[in-house]
Amino acid sequence: MNSTFVRCAVLTALGTSAMAASAATIGLMAPMSGPQAIVGQDQADGFMLAVEQLGGKLGGQPVTVLREDDQLKPEIGVQIVRKFIDKDKVDAIVGLSFSNVLMASVPRLAEAGTVALATNAGPSPLAGAGCKPNVFSMAWQNDGAAEAMGKFAQDRGIKRVYLMAPNYQAGKDMLAGFKRFYKGQVVEEAYTQINQPDYSAELAQLQAAKPEAVFVFYPGGMGVNFVKQMSQAGLLPGTPLYSVFTVDGTTLPSLRDSAAGTISGAMWDAALDTPENKKFVAAFETKYKRTPSEYAATAFDAAQVLDVALRKVGGNTSDKKAFAQAVRAAGSEFKSVRGPFKFNTNNMPVQNYYAFDAKKEGGKLVVRQVGTPLTLHADAYVAQCAPR
């Protein structure tokens with residue numbers, strides 16, 4: 001297991017004991033190696049940018065961030081969560097990787113009561129009957145962006161759609177979400193292996209099916225491979241590609257012109273025109289020399305929520321239940337880079353979902369918002385979450 005210790009505030013000799021008593025420790029777990037490393041890196045960079053802007057503090061107190069690489073492996077994720085809780089005694093955990101890693105970590109998180117803010121997952125079991133009072137998603141309930149794309153495709157009059165996703169919880173949630181709002185014909189629903197590099201066989205089947213459009217969920221490196229191979233197979237731009245977490249800030253630098261003609265559903269994009277977002281994008285690009293993705297945006301927001309929540313409890317996180325309640329309240333009080341935001345009763349976001357298209361204009365690829373299919377959208381599972 002790779003481990004990187006990142007100290008964001010150094011305690012000085014003057015008043016060390018008093019400061020140490022009020023210092024915060026945050027554990028950040030994400031995939032920092034392998035095909036999805038950029039997804040993890042953007043989360044780490046977004047969170048650290050917010051901490052830097054807050055003067056190296058959260059809730060007005062010095063903060064230490066411990067960063068771990070889960071390698072997108074549930075068994076390693078569980079080990080890291082146990083280390084954060086049992087050895088490092090962290091005040092909160094952020095990141096928590098992909099849905100498969102998060103779900104494997106939930107039992108220990110629930111047992112400990114430690115506040116956890118997922119910045120790249122919102123699996124349906126955790127949104128419904130398996131909801132936990134101390135586990136939040138700063139990102140999305142997995143179905144949300146896909147529901148927006150289903151509605152967008154329905155509103156555009158698309159009659160026949162081919163669906164594809166990797167075979168794990170998030171993939172199943174995404175396709176279920178699309179179908180919840182799309183009422184046309186699903187030609188095929190294909191699941192592929194996670195981190196699969198070659199889609200030639202699946203693309204041959206897709207081509208033979210002759211759908212009006214394709215909807216996919218392939219994050220990070222999977223998205224780069226899929227879109228490039230779809231383009232090389234001659235399916236783009238002739239067959240419209242609707243997607244979520246496939247064409248975004250993590251993949252556009254590699255996709256370049258291959259992304260032209262795609263339409264993406266998301267709760268955030270660098271193209272979103274809000275004052276908070278313009279400031280965030282400019283700061284991220286200045287510091288890291290690249291455009292942020294939605295993963296950076298959710299992690300940036302997570303730090304803002306923790307800042308507000310820690311102030312509410314005066315830096316005292318020993319009462320974990322009270323701290324979790326402060327986090328939920330903080331969700332309605334901070335200014336999100338994505339626009340409207342609050343936590344629902346199942347600790348999943350209530351937020352807007354937008355549609356963005358990528359087009360070549362003047363020899364340059366340009367991403368623009370083309371709609372808001374769902375506004376202040378709550379997930380489909382909240383009623384299954386028992387009252388708190």
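In this predicted model, E189 is partly exposed, with a relative accessibility of 28%. K179 is also partly exposed, at 32%. The side chains of E189 and K179 meet in a salt bridge, with N and O 2.7 Å apart. This pair links distant parts of the chain. E189 lies in strand β9, which spans residues 185-192. K179 belongs to helix α7, made up of residues 169-181.

Side chains of opposite charge can pair when their charged atoms come close. A search of the whole structure finds 18 such salt bridges.

Another of these pairs joins R290 and D42. Their closest N and O atoms are 2.6 Å apart. The surroundings of the two partners can be described separately. R290 has a relative accessible area of 24% and is partly exposed. D42 has a relative accessibility of 1%. D42 therefore counts as buried, since the cut-off for buried is under 20%.

A further salt bridge is formed by K278 and D273. Here the closest N and O atoms are 3.0 Å apart. Both K278 and D273 are exposed. Salt bridges can also share partners, and in this way D42, D45 and R290 are joined into one network.

Notes:
Residues are numbered from 1 along each chain as its sequence is written. This is a predicted model: local features need pLDDT of at least 70, side-chain atom pairs count only at pLDDT 80 or more; totals for chains, interfaces and linings use all residues. Side-chain values use heavy atoms; hydrogens and water are left out. A salt bridge is a side-chain nitrogen of Lys or Arg within 4 Å of a carboxyl oxygen of Asp or Glu. Buried means under 20% relative accessible area, exposed over 50%, partly exposed in between (1.4 Å probe, protein chains only). Helices (H or I, at least four residues) and strands (E, at least two) are DSSP runs, numbered from the N terminus.
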